[in-house]
Amino acid sequence: MSSPIGKSQIDPAAHGGTVLRVDGLVVRYGSRTAVDGVGFTIARGEIIGLLGPNGAGKTTTLNVIEGLRKPIGGSVTVDGIDALRDPLDARARMGVQLQSSGFQPELSIEQLLRLYAGLYGVRMSREDARRALDDTGLGQEAGKRLKGLSGGQAQRFSLLIATIHNPLLLLLDEPTSGLDPQSRRSLWQRIEASRRRGGSILLTTHSMEEAQAVCDRIVIIDHGRLVTTGSPAELITAHREDPRVLAIAHGEPTLEDVFIALTGSDLRD
């Protein structure tokens, strides 16, 4: 392989513009509307933060993009492909950070890495796998099962699997939740490396500080509806004089102040 993370089957230089387009997405669970007309786009090389309180519809939106749930309305286009009509073609251009429960528990992480490389059509010898694990700081853990890794190690391994085929679009659901600062910084270095290779990233996070630091643009949804979108600086500037922001800000307004002002301070389950 040309790199320890694998060689993409998709030539980044041959693509450009919009990698993901979500338009008018509607998802219902019985009588409850979980996502109500949400729409946004992601350009090549962009990191987008999908933010919202618990129950806002973030994970449901990710599930539709990934092809795990069918909406009753709207469209999803990945690299020009209708993801609802051709989910397999769209999914081939995605990487998704799986939770630990999604992996085969009886296999070592080296075996898992080679298994998922094969599923993505990436040729990977045992030597290739060892180099990839070394590059991720997991070389000494190659023979361990996933349950034997620390939280930070498991997150790094999951991200390695998600990026093994150098996807155009990387979907991350709270990728740094529960990690210490060192593990979080290491994870973001790998995410930035994916961006440098031409990938685009859509992530959810509850850390407004993290979103402000790493996201090019923010999409805030609440009660299944789009509230606002823009860069962190644009959102802060646009709402810095909002009385709701001024009432809760301590000093200069932050993205967290804007987020709470727009979505409310009530606790969500």
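In this predicted model, the axes of helix H8 (residues 232-239) and helix H10 (residues 255-263) come within 9 Å and cross at roughly 60°. Axes here are lines fitted to C-alpha atoms, for helices over the stretch in contact, with angles running from 0 to 180 degrees between N-to-C directions. Helices (H or I, at least four residues) and strands (E, at least two) are DSSP runs numbered from the N terminus. The model is a prediction in which local features need pLDDT of at least 70 and side-chain atom pairs count only at pLDDT 80 or more, while totals for chains, interfaces and linings use all residues. Residues are numbered from 1 along each chain as its sequence is written, and side-chain values use heavy atoms, with hydrogens and water left out.

Back to the helix pair. H8 and H10 are oblique to each other, given that angles under 35 degrees count as roughly parallel, over 145 as roughly antiparallel, 65 to 115 as roughly perpendicular and the rest as oblique. The crossing of H8 and H10 is left-handed, a label used if the near helix is turned anticlockwise from the far one by less than a right angle (clockwise would be right-handed). On the H8 side, Leu235, Ile236 and His239 meet Leu255, Val258 and Leu262 of H10, where contact means heavy atoms within 4.5 Å. Sorted by type, the residues of this contact come out as five nonpolar, one polar and no charged. For that sorting, Ala, Val, Leu, Ile, Met, Phe, Trp, Tyr, Cys and Pro count as nonpolar, Asp, Glu, Lys and Arg as charged, and the others, Gly among them, as polar.

Next, the aromatics. The structure holds two aromatic pairs. Phe103 and Tyr116 have ring centres 5.4 Å apart and planes at 75°, so they make an edge-to-face pair. Rings of Phe, Tyr and Trp (its six-membered ring) pair if their centres lie within 6.5 Å, and planes under 30 degrees apart count as stacked, over 60 as edge-to-face and the rest as tilted. Since Phe103 lies in the loop between strand S6 (94-96) and helix H3 (109-119) and Tyr116 in helix H3, this pair ties together parts that are 13 residues apart in sequence. With Phe157, Phe103 makes a tilted pair, because the ring centres are 5.7 Å apart and the planes are at 55°. Phe157 sits in helix H5, so this pair ties together parts 54 residues apart in sequence.

Helix H1 (residues 58-66) is largely enclosed by the rest of the structure, because seven of its nine residues are buried. Those residues are Lys58, Thr60, Thr61, Leu62, Val64, Ile65 and Glu66. Thr61 has a relative accessible area of 0%. Leaving aside residues up to four places away in sequence, Thr61 touches Leu25, Val35, Phe40, Leu50 and Ile221. H1 is followed by Gly67, whose phi is positive, near 95°.

Asn166 has a phi of about 50° and is found in the loop between helix H5 (151-162) and strand S7 (169-173). At 16% relative accessibility, Asn166 counts as buried. Glu174 has a positive phi near 50° and is found in the loop between S7 and helix H6 (181-196). At 29% relative accessibility, Glu174 counts as partly exposed.

Methods: Buried means under 20% relative accessible area, exposed over 50%, partly exposed in between (1.4 Å probe, protein chains only).
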